[in-house]
Amino acid sequence: MTAGMSGASFDPQISVSVVTYNNEHCLPGFLDSLRQQTDVRWELVFFDNASQDGTAALLQQAAMGTLIVNDENIGFGRAHNRSAAQCQGAYLLILNPDLEFGPGLFAELLRYLENHPEQALAGPRILEGAARQPFPPRHFYPGEGMIALEPGLRGRSIAWLNGCCLMIRREVFEQLGGFDADYFLYQDETDLCFRARQAGYQIGYTETASVQHLHRQSQRELSEYEYARRLFKGSAVFWGKHYPQRDVLRMVRFQYWISRALLGLNRLRKYWPNLPAILSDARLRGRNEICREWLEKHGHRRIGLSGVPGKIALRQCRLAVAWILLGRFPLDDY
């Protein structure tokens with residue numbers, strides 16, 4: 001049985017939730033991948049976030065599952081929450097529309113979670129972009145390069161998965177209240193995974209299933225600067241929710257000053273071309289401005305270094321020692 005089937009006899013094992021925004025160009029390949037899924041009962045809900053191209057018309061023509069067309073872009077997590085409210089399956093599969101995958105994806109993820117009842121959610125092997133760069137599960141959270149959110153630097157369990165493709169038990173999704181609506185696009189899945197672990201669940205991963213993620217297909221019109229702002233804003237929201245507030249202030253101040261310093265270093269490259277460019281000017285400006293806006297919003301109009309050096313400097317020293325001992329940088333967050 002596949003998506004689009006209905007009636008009293010249809011009992012889906014998996015509910016597939018897809019949020020679209022200006023994805024007309026990549027939907028044909030995605031729809032072909034969906035049509036190939038067999039050996040599992042599944043239903044499908046599309047939630048279109050007010051696309052300005054032909055996405056909604058293409059989905060109406062495809063007539064696969066349920067289509068909800070919204071009149072505004074409400075972001076990734078809120079849209080999936082709305083979609084999930086229509087779902088009946090025991091498992092909720094979150095998918096990006098800029099994916100392509102083989103016929104066994106749904107069945108393999110279902111089999112994996114059924115064989116691992118201690119795990120609340122799981123994801124497949126993800127290959128990003130034209131270069132098919134692997135995006136493995138992360139073991140650290142955003143911000144742990146400055147202040148540890150969990151103890152230790154080795155042997156930790158999976159912290160979070162890429163939200164382009166993850167399957168979660170629907171009862172757990174509902175227990176957690178779904179995605180946090182305070183995120184618009186980035187770090188929604190990081191937050192969901194963190195809260196699942198806080199609730200006592202484990203996170204799984206299987207390489208027997210894989211997806212090709214075309215990456216950033218709904219944001220092709222964004223400049224690198226605007227992309228950097230959105231990405232870093234998601235991280236700042238995550239910090240504010242899961243780190244002590246005093247530490248968040250330290251972290252934002254540190255990022256504000258380090259991004260300013262790196263911007264200055266980049267400007268020196270026209271005199272010394274061999275100086276390394278750690279991050280582009282666009283990314284550094286995006287980060288710096290998000291930090292400045294956060295500080296002003298929280299009443300810190302004089303942006304000093306007060307409270308930054310001690311705790312964060314100690315963390316930097318510990319990471320440097322671990323880097324030397326391990327032969328690689330020990331963290332894998334953004």
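# Reading a predicted model

Q: In which strand does T20 lie?
A: Residues are numbered from 1 along each chain as its sequence is written, and side-chain values use heavy atoms, with hydrogens and water left out. This is a predicted model, where local features need pLDDT of at least 70 and side-chain atom pairs count only at pLDDT 80 or more, while totals for chains, interfaces and linings use all residues. Helices (H or I, at least four residues) and strands (E, at least two) are DSSP runs numbered from the N terminus. On that numbering, the strand of residues 14–20, in which T20 lies, is β1.

Q: Is T20 buried or exposed?
A: Buried means under 20% relative accessible area, exposed over 50%, and partly exposed in between (1.4 Å probe, protein chains only). The relative accessibility of T20 is 0%, and therefore T20 counts as buried.

Q: Which residues does T20 touch, not counting those up to four places away in sequence?
A: A contact means heavy atoms within 4.5 Å. With that cut-off, and with residues up to four places away not counted, T20 touches L27, F46, F47, D48, N49, S51, T55, L59 and P97.

Q: What distance separates the C-alpha atoms of T20 and P273?
A: Along the chain, T20 and P273 are 253 residues apart.

Q: The side chain of which residue is joined to that of H213 by a polar contact of 2.3 Å?
A: H213 is found in strand β9, residues 202–213, and because its relative accessible area is 5%, H213 is buried. Leaving aside neighbours within four places in sequence, H213 is in contact with N96, D98, L99, I126, L127, E128, G129, N162 and C164. A polar contact is a pair of N or O atoms within 3.5 Å; within protein, one must be able to donate a hydrogen and the other to accept it, and residues adjacent in sequence count only if both atoms are side-chain atoms. The side chain that makes such a contact with H213, at 2.3 Å, is that of E128.

Q: With the side chain of which residue does the side chain of Y225 make a polar contact?
A: Y225 is found in helix α7, which covers residues 224–242, and at 19% relative accessibility Y225 counts as buried. Apart from residues up to four places away in sequence, Y225 touches A282, R285, G286 and E289. The side-chain polar contact of Y225, at 2.4 Å, is with E289.

Q: The backbone oxygen of which residue lies 2.9 Å from a polar atom of the side chain of N288?
A: N288 has its place in helix α9, residues 281–297, and counts as buried because its relative accessibility is 10%. Once neighbours within four places in sequence are left aside, N288 is in contact with Y256, S259 and R260. The backbone oxygen at 2.9 Å from the side chain of N288 belongs to Y256.

Q: What is the radius of gyration of the chain?
A: The chain has 10 helices and nine strands. Its radius of gyration is close to the 20 Å that the globule rule gives for 334 residues, so the chain is as compact as a globular protein of that length. The radius is taken over C-alpha atoms, and the rule is 2.2 Å times the number of residues to the power 0.38. For this chain, the radius of gyration is 21 Å.
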